Amino acid sequence: IRVGGFEYSPGSLHIYSDSLLTLPAIIGIGGGGGLLLLVIIAVLIAYKRKSRDADRTLRRLQLQMDNLESRVALECKE
């Protein structure tokens, strides 16, 4: 670069490839992401099943309590 009487050389230019990741690294990241996705899906399915079982148990207990209350009410009327 020359400006007036001053000359300056900024250095050499290095050009690197556009891809910073190698093919095995890209495959590894993709595989790890896929495995993580499968684990998340498995956890969500397990949570849904447990939640469904808990709801079923709660409904059963509420039905039993209602039946017991009805019996007690009938006993009190007699």
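Confidence in the protein is lowest in strand β1 (residues 2-3), where the mean is 78, and highest in helix α1 (residues 23-77), where it is 94; the score is pLDDT, the predictor's confidence in each residue, from 0 to 100. Over the protein the mean pLDDT is 89, and 96% of the residues reach 70 or more. This is a predicted model, in which local features need pLDDT of at least 70 and side-chain atom pairs count only at pLDDT 80 or more, while totals for chains, interfaces and linings use all residues. Residues are numbered from 1 along each chain as its sequence is written, and side-chain values use heavy atoms, with hydrogens and water left out.

From the N terminus on, the elements run β-β-α, helices (H or I, at least four residues) and strands (E, at least two) being DSSP runs numbered from the N terminus. Along the principal axes, the C-alpha atoms fill a box of roughly 120 × 35 × 10 Å.

Buried residues make up 0% of the 78 residues, where buried means under 20% relative accessible area, exposed over 50%, and partly exposed in between (1.4 Å probe, protein chains only). Phe6, found in strand β2 (residues 6-7), counts as exposed because its relative accessibility is 55%.
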